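Biologist: I am new to this structure. Please take me through the terms as we go.

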Amino acid sequence: MSVLDAMRHPAFSIAFTVLCYATALALHRRWRWISPIVAACVPIVALLLAAGIPYADYNRGGDLLTWWLGPATVALAVPMYRNGRRLRRSLPRLLLVVCAGAVVGMTTAGVTAGLLGAPISVVMSAVPKSVTTPIAVEVARELGGIPQITVALVILAGVLGATFGTAILTLFRVREDRAVGVAIGSASHGIGTASLVRRSELQAAVSSWAMAASGVVTSLLAALLALLLRHARL
Amino acid sequence: MIDLARGLALLVGFFLFGGFLHRVGVPIPGGVLGLLLLYVALTTGLVPLAWLQRAADLLLRHMVLLFVPLTVGLMDLGHVLSRQAVALTASLVVSFLAVLLTTGLLARWLVAGLPADAEAGE
């Protein structure tokens with residue numbers, strides 16, 4: 001077996017991906033401006049291009065990592081339950097806010113892409129872009145989107161929120177902890193939530209609950225949309 | 001270690017069960033079904049929170065690792081990305097601002113009367 005054959009083996013994909021991720025995390029801890037996802041992907045893409053390994057070969061191992069996004073989705077029940085429990089009083093109203101955010105997020109993303117001439121697969125990739133990666137990927141698959149594009153948009157939505165989110169909210173005089181939390185969690189999921197942790201404990205808790213809740217609401221709405229689309233075609 | 005294994009087994013179990021329900025006709029994705037079922041199990045006390053804490057923290061803290069392979073897949077999508085760059089960027093920015101402001105302003109109005117201090121601590 002040549003070195004190149006070994007590099008196409010799923011075990012190599014997994015090992016190399018984990019190694020790149022660990023290195024990226026270490027770099028991110030030392031220099032905060034380095035994004036772990038970008039730093040992890042660059043050496044992998046470089047290696048695949050340099051060695052002439054097709055993405056499909058790499059992804060036989062990659063798929064085994066992607067599979068764990070499923071159990072990670074289930075794991076969101078834990079922060080949702082833990083943080084939801086302490087928000088008893090405002091929970092019904094916050095849920096209403098999350099539902100409004102999900103409807104607005106899905107329609108504005110889809111309609112904007114559609115109006116600018118994107119084909120249906122790209123439109124459907126954009127629809128779930130506000131919610132946390134594992135749920136967004138499942139929703140994109142259900143709707144016939146391209147999961148890779150969805151992931152890129154999800155990450156960028158997170159980065160936008162982590163970088164400008166609270167500043168924009170302050171500009172519109174939204175400073176109340178629960179309002180900031182639910183807005184960042186709805187618009188920028190986990191990446192936005194992480195940016196709140198050092199600002200306010202309550203903001204981060206609400207945001208963490210909102211990101212899980214908005215993922216659930218979005219996937220329920222997407223299921224409805226998929227049913228309607230199937231019906232319309234028959 | 002036992003803690004972690006039990007937690008991961010539960011998460012995988014709920015995911016597989018959700019996937020099974022999805023395949024037999026429930027239109028919601030398997031992972032989200034698993035999430036909802038686990039939420040109900042936690043609320044009713046069927047599954048204690050302590051069983052899941054470590055496994056859930058591990059998966060959520062290192063979630064970035066799990067979407068590295070999909071992100072690498074963008075390397076094959078250069079043609080779509082460059083042709084749709086304007087549509088994708090506009091969709092991202094418009095939708096981000098729309099969600100952030102709708103939720104932020106609506107929440108400010110709705111929770112205005114509810115005291116936050118009751119919820120400040122665990």
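Modeller: A pocket here is an open set of grid points with protein on both sides within 12 Å along at least five of seven lines. The model is predicted, and its largest pocket holds about 1700 Å³ of space.

Biologist: Which residues are closest to the centre of the largest pocket, and how many line it?

Modeller: The lining has 46 residues, and closest to the centre are Pro36(A), Gly190(A), Ile191(A), Ala194(A) and Val64(B). A lining residue needs an atom within 4 Å of a point.

Biologist: What is the volume of the second largest pocket, and which residues are closest to its centre?

Modeller: The second largest pocket has a volume of about 370 Å³. Its lining has 17 residues, with Trp67(A), Glu138(A), Arg141(A), Phe15(B) and Gly30(B) closest to the centre. At least two lining residues each come from α4 (55–67), α5 (69–75) and α9 (133–143) of chain A and from α1 (2–23) of chain B. By class, the lining has seven nonpolar, five polar and five charged residues.

Biologist: How do you know how many residues of chain A and chain B are in contact?

Modeller: Contact requires heavy atoms within 4.5 Å. The contact takes 100 residues from chain A and 78 residues from chain B. Between them the chains bury about 8000 Å², with 79% of it on carbon and sulfur atoms. Tyr21(A), Val74(A) and Tyr81(A) supply 8% of the area that chain A buries against chain B, more than any other three residues.

Biologist: Why is the pair Asp57(B) and Arg82(A) called a salt bridge?

Modeller: The cut-off is 4 Å between a side-chain nitrogen of Lys or Arg and a carboxyl oxygen of Asp or Glu. In Asp57(B) and Arg82(A) the closest N and O atoms are 3.7 Å apart, so the pair qualifies. The count between chain A and chain B is one salt bridge. Helix α10 (residues 147–171) of chain A gives the largest share of the side of chain A that touches chain B, 14 residues.

Biologist: What makes Glu201(A) and Arg86(A) a salt bridge, and which parts does the pair tie together?

Modeller: Their N to O distance is 3.4 Å, and the limit is 4 Å. Glu201(A) lies in helix α12 (residues 201–233) and Arg86(A) in the loop between α6 (77–85) and α7 (91–115), both of chain A, so the pair ties together parts that are 115 residues apart in sequence. Over all chains the structure holds five salt bridges.

Notes
Residues numbered from 1 in each chain as written. Chains lettered and ligands numbered in written order. Predicted model: local features only at pLDDT ≥ 70, side-chain atom pairs only at ≥ 80, totals over all residues. Heavy atoms only, no water. 1 Å grid on protein atoms, 1.4 Å probe; cavity = no way out; pocket = protein on both sides within 12 Å on 5 of 7 lines; lining within 4 Å. Points joined across faces, edges and corners; volume = space filled by probe spheres on them. Helix = DSSP H or I, 4+ residues; strand = E, 2+ residues; numbered from the N terminus. Nonpolar A, V, L, I, M, F, W, Y, C, P; charged D, E, K, R; others polar. Buried area = accessible area lost by both parts, 1.4 Å probe.
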